[in-house]
Amino acid sequence: MDLLAMVTTSRPSVNVGNVNVSFYTLEQLSTGVGTLFGAHLKRDAKLLWDEYGRLGPAIEDMGDVDTDRLLARARNMSELFASLEEDLPKYLSGLLREARYLLRSCLYAQAIAAGAPCFSVRELAVRHGDPNLARLLASRQEGESTVDELNECLSRLRSIIGEFPRSRNGSLEATVVNEWGQPSDLLSMAFMALGISGKGSDYAEVEKILL
């Protein structure tokens, strides 16, 4: 179960058993306007308590997803998979988590573009007639990460967004150094791949909502 709580000060998410609680300030939540995260909240969230009447309007104002823009951004972010020879020995787990995130996001975007929104990996597996897809996309995984899983995610991702752009920085670590100090999808995703941003759900991994 995923719970969201609006707070006045940023704080890390909390996981207890199968329950994840993510905390967002109003400013952080506003970054979800026009994103998959916002669309998912607007479509599926159940409001449990809103004492001051702020959370409900914030969710209602989430807007629509520009799926073409989302897919273009995902392709730009896929640049981080173009330096695997350098990064794979140290960051397989993070790269696989990032690949799952991008693949899952692109499949959700495709569903929205087709006029049939979906934010469930199990439902995606049914729609695609591919039972293995639910296991591959699940954000919570058991067992060690494998190169085969990463390659499968990347292959499926290429089938949606095309070939990945050439790496401009040469490695995840170099991306963090070169992109530091500027608003950058690449910087946020490099942090996510390096495993610096924590171990909660995908949406809790980064302070700013990405897609």
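Which helices and strands each supply at least two residues of the lining of the largest pocket? They are strands S1 (2-6) and S3 (19-24), plus helices H2 (36-44), H3 (55-60), H5 (84-113), H6 (121-127), H7 (132-137) and H11 (202-205). Keep in mind that this is a predicted model, where local features need pLDDT of at least 70 and side-chain atom pairs count only at pLDDT 80 or more, while totals for chains, interfaces and linings use all residues. Residues are numbered from 1 along each chain as its sequence is written, and side-chain values use heavy atoms, leaving out hydrogens and water.

**The largest pocket**

- The largest pocket holds about 1,600 Å³ of space.
- Lining it are 47 residues, and the closest to its centre are Asp2, Leu3, Leu4, His40 and Leu41.
- A pocket here is an open set of points on a 1 Å grid over the protein atoms alone, where a 1.4 Å probe fits, with protein on both sides within 12 Å along at least five of seven lines; lining residues have an atom within 4 Å of a point.
- Sorted by class, the lining has 26 nonpolar, nine polar and twelve charged residues.

**Helices H9 and H10**

- H9 (residues 172-179) packs with H10 (residues 185-194) at an angle of about 140 degrees, and their axes are 9 Å apart.
- That angle makes H9 oblique to H10 (angles under 35 degrees count as roughly parallel, over 145 as roughly antiparallel, 65 to 115 as roughly perpendicular and the rest as oblique).
- Their crossing is left-handed.
- On the H9 side, the contact (heavy atoms within 4.5 Å) is made by Leu172, Glu173, Thr175, Val176 and Glu179.
- H10 brings Leu186, Leu187, Ala190, Phe191, Ala193 and Leu194 to that contact.
- Eight nonpolar, one polar and two charged residues make up the contact of H9 with H10.

**Helices H4 and H10**

- H4 (residues 67-77) packs with H10 at an angle of about 60 degrees, with axes 10 Å apart.
- H4 and H10 are therefore oblique to each other, and H4 passes H10 in a right-handed crossing.
- Arg73, Asn76 and Met77 of H4 meet Asp185, Leu186 and Met189 of H10.
- This contact of H4 with H10 has three nonpolar, one polar and two charged residues.

Notes. Grid points are joined across faces, edges and corners, and a volume is the space filled by probe spheres set on the points. Helices (H or I, at least four residues) and strands (E, at least two) are DSSP runs, numbered from the N terminus. Ala, Val, Leu, Ile, Met, Phe, Trp, Tyr, Cys and Pro count as nonpolar, Asp, Glu, Lys and Arg as charged, and the others, Gly among them, as polar. Axes are lines fitted to C-alpha atoms, for helices over the stretch in contact, and angles run from 0 to 180 degrees between N-to-C directions. A crossing is left-handed if the near helix is turned anticlockwise from the far one by less than a right angle, and right-handed if clockwise.
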